[in-house]
Amino acid sequence: MKKLIFAICAALLLQSCVVSTAAKAVKGVAKLGYTTVKGTVNAASWSVSKAAGKIDEDRVDGTWKVVGVYKGSYEQFQQDQNRESTFESECGDAYDQIVFNSNKSKFKPVHCSGQDEDWIKYDFEFGKNPITKEKENYIEYNSNNYISVIDVNNKTMVLEGNLMPKLSFSGARLYLLEKVK
């Protein structure tokens, strides 16, 4: 069983490396993939296979910068043959980010302008998400707001929901974040 899991992980890692190399060869235009790997955005992979089972809350801990945004839901992303990130940062040298402190179950969005936001208390849950009606990992905050945690690894995280209100008005729902620290 361990060998099978190791073989699957190794295959996904190699596939990700191949996709990343191919994307760089065509100068960043990544229109690749029929599998779980979409391509790259600023060298971060759009890995969109939904996590199978509970994700450890400690994996979301840290500072994450927004590197990609998809206008639509996770289900629309899976159906879309021309998946492209529509994210263009207004920040210049800085970036929008979100800071998670899993020990205190708090997060804080930070805009590149340096405006300091308040910490928001959250509950990290695995179960039936009241919005999507599916069993998944999700973050509940302010009693009735939900963000689906699609997947998290040591480098990237994919979230679905109202993460950035300024982009949500244009239909943005799926966010690719890259770990900063």
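1. Two strands count as paired if DSSP finds at least two bridges between them. Strands here are DSSP runs of E, at least two residues, numbered from the N terminus. On that basis, strand 5 (residues 106-110) pairs with strand 6 (residues 120-128) in the antiparallel sense, over 2 bridges. Within this pairing, Lys-106 faces Lys-121 of strand 6.

2. A note on the source. This is a predicted model, in which local features need pLDDT of at least 70 and side-chain atom pairs count only at pLDDT 80 or more, while totals for chains, interfaces and linings use all residues. Residues are numbered from 1 along each chain as its sequence is written, and side-chain values use heavy atoms, with hydrogens and water left out.

3. Strand 6 also pairs with strand 7 (residues 135-141). The two run antiparallel and are joined by 7 bridges. Glu-125 sits opposite Tyr-138 of strand 7. The hairpin they form has 6 residues between the strands. One of its residues, Lys-133, has a positive phi near 65°.

4. Two loop residues deserve a look at the backbone. Lys-133, in the loop between strand 6 and strand 7, has a positive phi although it is a residue other than glycine. Lys-133 is exposed, because its relative accessible area is 55% (exposed means over 50%, buried under 20%, partly exposed in between; 1.4 Å probe, protein chains only). Ser-143 is not a glycine either, and its phi is positive at about 70°. Ser-143 belongs to the loop between strand 7 and strand 8. With a relative accessible area of 64%, Ser-143 is exposed.

5. Is Ser-102 buried or exposed? Ser-102 is buried, since its relative accessible area is 7%. Ser-102 lies in the loop between strand 4 (97-101) and strand 5. Its side chain makes a polar contact with the side chain of Asp-58, at 3.3 Å. (A polar contact is a pair of N or O atoms within 3.5 Å; within protein, one must be able to donate a hydrogen and the other to accept it, and residues adjacent in sequence count only if both atoms are side-chain atoms.) Not counting residues up to four places away in sequence, Ser-102 touches Glu-57, Asp-58, Asp-61 and Tyr-122; contact means heavy atoms within 4.5 Å.

6. Now the interior. A nonpolar core is a set of buried Ala, Val, Leu, Ile, Met, Phe, Trp, Tyr and Cys residues joined through side-chain atoms within 4.5 Å. The largest has 23 residues. Phe-100, Phe-107, Tyr-122, Ile-139, Leu-163, Tyr-175 and Leu-177 touch the most other members. Strands that each supply at least two residues of this core include strand 3 (62-71), strand 8 (145-152), strand 9 (156-161) and strand 10 (172-179). A second, separate core has 8 residues, among them Val-67, Tyr-70, Tyr-74 and Ile-150.

7. Which residues does Leu-177 contact? Leaving aside neighbours within four places in sequence, the contacts of Leu-177 include Trp-64, Val-66, Val-67, Ile-98, Met-157, Leu-159 and Leu-163.

8. The whole structure holds 6 aromatic pairs. (Rings of Phe, Tyr and Trp, its six-membered ring, pair if their centres lie within 6.5 Å; planes under 30 degrees apart count as stacked, over 60 as edge-to-face and the rest as tilted.) Phe-107 and Tyr-141 are edge-to-face, because their planes stand at 90°, with centres 5.3 Å apart. Phe-107 is in strand 5 and Tyr-141 in strand 7, so the pair ties together parts 34 residues apart in sequence. Both residues are buried. Tyr-138 and Tyr-146 are also edge-to-face, at 5.8 Å centre to centre and 65° between the planes. Tyr-138 and Tyr-146 are both buried. Ring pairs link Phe-100, Phe-107, Tyr-122 and Tyr-141 into a cluster.

Note on methods. Helices (H or I, at least four residues) and strands (E, at least two) are DSSP runs, numbered from the N terminus.
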